[in-house]
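Subject: Structure handover

Hi,

Here is the structure, with my notes below it. Please have it open while you read.

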Amino acid sequence: MSSFLFGFAAALLLTIGARDQLLVARLAGPLGAIILLAALVAAVFTAGLMALAGDAIAQMLPEAARRMLVAIALVVAAVELAWPGRDKRPKEPTRSPFAAFVVLLARQWGDAARFLLFALAAATALPAYVALGGAAGAGVALAGGWALGEELDALPLRAFRLVMAGIVLLAGLLIGLGARGII
């Protein structure tokens, strides 16, 4: 159960202000509920794949290497969180749910929330619970973006993501130093 809750919290917090949430919010008006459905399907798919990948790779590694893998995934997630976003407002002449789905898949595939789900699955060896929690947490954040629509841009998302980057980086450094036996 704790793997589910960690996955839920990680995906929820790290999806706030992410590129996929911003895209859903900006397309909520033109595409309506279909963009939310596309985002939820993409979230389930990417959460499941990243959790399975984390578990599969962790099974091949000894304990110290597994902890170092988790630390590296957390540091990469922190870098992605701190990376400044320069997303342009989408122009949606086609109103294609499939095109939006493909873009959402691409944006979610390498975002901080999925890296953290990868790390959690590698650390806990319970990928199904991590994937379910991650999909649910991302779904809540994406639904919040869809509900807020254009109002999401008015929130202090950059500051929030920088705080989250600091927390995730600190966790990654502590786990990495612990894996090396330094602390």
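The buried residues of α2 are Asp-20, Gln-21, Leu-22, Leu-23, Val-24, Ala-25, Arg-26, Leu-27, Ala-28 and Leu-31. Buried means under 20% relative accessible area, exposed over 50%, and partly exposed in between (1.4 Å probe, protein chains only). Helices are DSSP runs (H or I, at least four residues), numbered from the N terminus.

On provenance: this is a predicted model, where local features need pLDDT of at least 70, side-chain atom pairs count only at pLDDT 80 or more, and totals for chains, interfaces and linings use all residues. Residues are numbered from 1 along each chain as its sequence is written, and side-chain values use heavy atoms, leaving out hydrogens and water.

Back to α2. Ten of its 13 residues are buried, so the rest of the structure largely encloses α2. Those buried residues pack against α1 (2–15), α3 (33–59), α5 (97–109), α6 (112–124), α7 (127–148) and α8. Just after α2, Gly-32 has a positive phi of about 70 degrees.

Next, Thr-15. This residue sits in helix α1. Thr-15 counts as buried because its relative accessibility is 0%. Beyond neighbours within four places in sequence, Thr-15 is in contact (heavy atoms within 4.5 Å) with Asp-20, Gln-21, Ala-113, Arg-114, Ala-138, Ala-141 and Leu-142.

Last, Ile-183. It lies in the segment after α8 (157–179). Is Ile-183 buried or exposed? Ile-183 is exposed, at a relative accessible area of 59%.

Best wishes

How values were computed
Helices (H or I, at least four residues) and strands (E, at least two) are DSSP runs, numbered from the N terminus.
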